[in-house]
Structure formats: structure tokens, C-alpha cells
Amino acid sequence: MSDEIGTRVKKVRLRKGISQEQFGEIIGIKKAAVSKIENGENSLSTGNLLAICRQFNVNKEWLINGNGEMFTLKSKEDEIRNFFENAISCLLYTSDAADE
């Protein structure tokens, strides 16, 4: 993987205004893995690439090679579904953290 993909992953995360830990939780990886991807130390798996595109509405072509716009247009239904999925994910994480 080129570190340019890692740079684009970081741009997405910063544009969304979230931490590496939050970003990782949303796509299902640890904070350390996000850091290594952003720094070009680890490859971005196909599964993680697709998760980033799906969860953050990122244009796959842009993420892979920098072509096109960062984000794709979503229907209102997709935006609402994504909002609730993220809200539920945050609630579950908060609940799990409170149990520890």
C-alpha cells in the first residue's frame, strides 16, 4: 500500500472530526491499526477499504488513487440509516466502557 492511501484515510478521519480510536471502532479495527495505516506502515485491507467507503460515504476511486471527490452523494434514507448505526455503535461502546 502506498502511504498516499494512508494520507487519504487520515484526511477522511480528520474531515469527519473523529479520533483514531473512534474511526477504528466504526470500521472494526484498533486505534494502533488506524495509526499504522495512516502512516503507511500497514496495508489497508480490502475489507477495511470497503468499510471506510460504506461507513463514511467515501468514494472508493478517490480512496484508492485520489481520483474524483472524497465523498459520494447519499440518499436521505442512507444518511438516516448511517446516523442510527453510528449512534447505536456509540451507545454500545459507552455501555461496554461503563461496565468495565
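Biologist: Is Phe 23 buried or exposed?

Modeller: Phe 23 is buried, at a relative accessible area of 1% (buried means under 20%, exposed over 50%, partly exposed in between, with a 1.4 Å probe and protein chains only). This is a predicted model, where local features need pLDDT of at least 70 and side-chain atom pairs count only at pLDDT 80 or more, while totals for chains, interfaces and linings use all residues. Residues are numbered from 1 along each chain as its sequence is written, and side-chain values use heavy atoms, leaving out hydrogens and water.

Biologist: How many aromatic pairs are there?

Modeller: A pair of aromatic rings is described by the distance of the centres and the angle of the planes. Rings of Phe, Tyr and Trp (its six-membered ring) pair if their centres lie within 6.5 Å; planes under 30 degrees apart are stacked, over 60 edge-to-face, the rest tilted. The count here is two. Phe 23 and Phe 56 are stacked, with 4.8 Å centre to centre and 5 degrees between the planes. This pair links distant parts of the chain, 33 residues apart: Phe 23 belongs to helix α2 (residues 20-27) and Phe 56 to helix α4 (residues 46-56). Helices are DSSP runs of H or I, at least four residues, numbered from the N terminus. Phe 56 is buried too, at 5% relative accessible area.

Biologist: Which residues form an edge-to-face pair?

Modeller: Phe 83 and Phe 84 do, at 5.2 Å centre to centre and 80 degrees between the planes. Phe 83 is exposed, at 54% relative accessibility, and Phe 84 is partly exposed, at 48%.

Terms used:
Helix = DSSP H or I, 4+ residues; strand = E, 2+ residues; numbered from the N terminus.
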